[in-house]
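I opened my notebook to look up a few things in this structure. Here are my entries.

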Amino acid sequence: SDHMENICGYLMKYTNLVTGWQYRYFVLNNDAGLLEYFVNEQSRHLKPRGTLQLAGAVISPSDEDSHTFTVNAASGEQYKLRATDAKERQHWVSRLQICTQHHTEAIGKNNPPLKSRSFSLASQGSANSPGVQRRPSQNAVSFFNVGHHRLPTGKRVPIMQPDHLVDVREMMSQAEGQQRDLIRSIECLPASGHLTSLDQDLLMLKATSMATMNCLNDCFHILQLQHASQQKGSLPAGTTVSWLEPKISLANHFKNGAAQNFPAEISKPASVREEQSIAEPCQLTREPEEINPDEELEDICDDKEDDLGAVEEQRSVILHLLSQLKLGMDLTRVVLPTFILEKRSLLEMYADFMSHPELFIAITNGSSAEERMIRFVEYYLTSFHEGRKGAIAKKPYNPIIGETFHCSWRMPKSNVATDGGTGSSAHTPSEQVTLPKDPEGQAEQDYYTVKFVAEQVSHHPPVSGFYAECVERSMCVNAHVWTKSKFLGMSIGVTMVGEGVLHLLEHGEEYTFSLPCAYARSILTVPWVELGGKVNINCAKTGYSASINFHTKPFYGGKLHRVTGEVKQNMTNTVVCRVQGEWNSVLEFTYNNGDTKNVDLTKLSVTRKRVRPLEKQGPFESRRLWQHVTESLRDGDIDKATEHKRALEERQRNEERLRAETETPWCTKYFLKDGDGWVYHKPLWKTVCAAQTQQTDSN
């Protein structure tokens, strides 16, 4: 291809904090798939100062400016480079990407089977590659002593009968154990020397063995489905089927969330066995549970996600993961490393959007439809800042189906803005109100209570429903969100598909709204969160609407986290309020009479949510469900956290497969399907309507 020409030229290379940036002469060798650099052009005939293999590498422009880009090799080595201008950067990036793609595809097409390969990298690397020093006989089979078992010749393999599935499961369990031992042996190799854990052949061996076990598990699943279809409708009581775990009683699984009678696995910690099993059936009823707010205590957890250490230490893991992904790939089913997780579930993150209940309650206190729409926009824009825990972009736990989260807030009535007049006086800055430290000691009539419940109503696609209400002010909000994540190179994009509706029953108004997209940027360096996209808020009854734009940082210059919006009266097409600023810093509201108001989110008071203690929570409530993962992350034990997380996810997969076998639909606990959305089973608008009807009948 004419795009595969060798190119060369000067680039700035970042060395370290002391030395900084230095000019170096770079050469792209397309034939060998190498990026080499020299001190200067005159020393090009000498040995290069550094060489990167481009096969399996990731080339990405930086978010910092229009000149910088990075080359991340599959080995974990990284070059941070800077061109003289944006045009030159694009030239280098495009040529490097073409060369990388060519050599990466060549490896997949041309590599012979592993059993006939030595570990020499002489054909792929330079003459001084460590692989040249290896013995030709030192291959994967001899090094790890992996044997192949063959059947005696002359013996015919009997046809597999359904009752032989138990034997197959045992053999697969042994194979899975051997595969884990193989992976462990590779990962225990030193980081340097003649044979390392990052050797390309060993990485290929890890990936191949894992793919083989996944394929075998899929085949075994098909056999089980065939067995179940043959036995369908004629299962005697007490019949058992061997699954991906020890025997599970089918009778206990016809009800969602019923007990799993797994035999104790001595080799696993008790907490892991607890996650793979479930508590007694009486605790797991799918009947809605009324949570008493008086049982909830002020939350004392404060898990800020500012620790980057684990991310930096695991950069090679991230590189290996990125090498398996393609642009635009759906990440819904991709298992991400545990060390990038936040210490909370996604359901709890939705609850943290309600951390300013005084602004939420104040919406219904607006004296006019215009005032109420503006107050809703103010509440909406201030909710995202507290929803993020710290500056580092980390991912909340993916809720398992049936998981729930409950909490509430108590807000002194004196802290909630009341009716306003016109102009700026109608918009008293709510951040100037100081919250008392202990609202629990107040009389009941002195505070409002906002109750919140969330539930994971679907696994594929992953859909969450959440609902919040303030009975005293006759207002509630109901929403459902489907999170769709995609790989975007050096970023991950999450689209929040769904809709929310705020009901102000006192005024008979409904406000529909959507959520912006979220992006995790610079995932190889210091990951950070950015919101983007346009959202709309509409009230059909009043004719007021709001259009809000979350601006992503442009390629050239521009500010981070910028947001703009306007509130409009649709009938007259009149803009009554404009807003601009940053959604995590300062917002400026400008009204049609010329008055302005600034809201500093960093100074806005945060009301701690109230949560029941762990011992009073049900086994499917978020904090109790994920408690061992959270404790391990707090202790910095990533391996242990991964083990607990895997146990929960495996249990969910097993139950999902069994429900598919028995054609047993999943029954939600708090939310009901309503068209394309989900609605809380006992929303306030139904309760109020029923009460009004009853009162009318009695009169």
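**Entry 1: a ring in the core**

Is Phe384 buried or exposed? I found Phe384 buried, because its relative accessible area is 6%. Buried means under 20% relative accessible area, exposed means over 50%, and partly exposed lies in between, with a 1.4 Å probe and protein chains only.

Before going on, I noted that this is a predicted model, where local features need pLDDT of at least 70, side-chain atom pairs count only at pLDDT 80 or more, and totals for chains, interfaces and linings use all residues. Residues are numbered from 1 along each chain as its sequence is written, and side-chain values use heavy atoms, with hydrogens and water left out.

**Entry 2: the whole protein**

I looked up the totals. The protein has 14 helices and 28 strands. These are DSSP runs numbered from the N terminus: helices are H or I with at least four residues, strands are E with at least two. Of the 699 residues, 49% are buried. I also checked contacts, meaning heavy atoms within 4.5 Å. Among contacts between residues at least 6 apart in sequence, 61% join residues at least 24 apart.

**Entry 3: aromatic pairs**

I searched the whole structure and got 21 aromatic pairs. Phe353 and Phe384 form one that is edge-to-face, 5.6 Å centre to centre with 65° between the planes. Rings of Phe, Tyr and Trp (its six-membered ring) pair if their centres lie within 6.5 Å; planes under 30 degrees apart count as stacked, over 60 as edge-to-face and the rest as tilted.

Where do the two partners sit? Phe353 is in the loop between helix H8 (346-352) and helix H9 (357-362), while Phe384 is in helix H10 (residues 369-387). They are 31 residues apart. Phe353 counts as buried because its relative accessibility is 14%.

Next I checked Phe376 and Tyr380, which form an edge-to-face pair at 6.4 Å centre to centre, with 65° between the planes. Both lie in H10, four residues apart, about one turn of the helix. An α-helix has 3.6 residues a turn, so residues three or four places apart point the same way.

**Entry 4: nonpolar cores**

A nonpolar core is a set of buried Ala, Val, Leu, Ile, Met, Phe, Trp, Tyr and Cys residues joined through side-chain atoms within 4.5 Å. The largest one has 64 residues. Phe360, Tyr380, Phe452, Ile537 and Phe550 have the most contacts inside it. H10 gives the most to this core, nine residues. A second, separate core has 20 residues, including Leu52, Leu54, Phe69 and Leu96.

I then listed what Phe550 touches, leaving out residues up to four places away in sequence. Among them are Tyr380, Leu381, Phe384, Pro516 and Trp583.

I turned to strand S21 (residues 544-551). Six of its eight residues are buried. Strand S20 (residues 528-539) runs antiparallel to S21, joined by seven bridges. Two strands pair if DSSP finds at least two bridges between them. Ile537 stands opposite Ala546 in S21. S20 and S21 make a hairpin with four residues between them, and Gly543 in the turn has a positive phi of about 80°.

On to strand S22 (residues 562-569). Eight bridges join S21 to S22, also antiparallel. Tyr544 has Gln569 in S22 as its bridge partner.

**Entry 5: positive phi**

Most residues other than glycine have a negative phi, and most peptide bonds are trans. I noted two residues with a positive value. His561 has a phi near 60° and is found in the loop between S21 and S22. His561 counts as buried, because its relative accessibility is 13%.

Glu663 has a phi near 55°. Glu663 is in the loop between H13 and strand S27 (671-674). At 56% relative accessibility, Glu663 counts as exposed.

**Entry 6: a helix length and a buried Glu**

I checked helix H13 (residues 638-662). At 1.5 Å a residue, its 25 residues should span 36 Å, and its end C-alpha atoms are 36 Å apart, which agrees. The expected span is 1.5 Å times one less than the number of residues.

Last, I looked up Glu509, in strand S18 (residues 509-513). Glu509 counts as buried, because its relative accessibility is 4%. Leaving aside neighbours within four places in sequence, its contacts include Arg372, His503 and Lys541.
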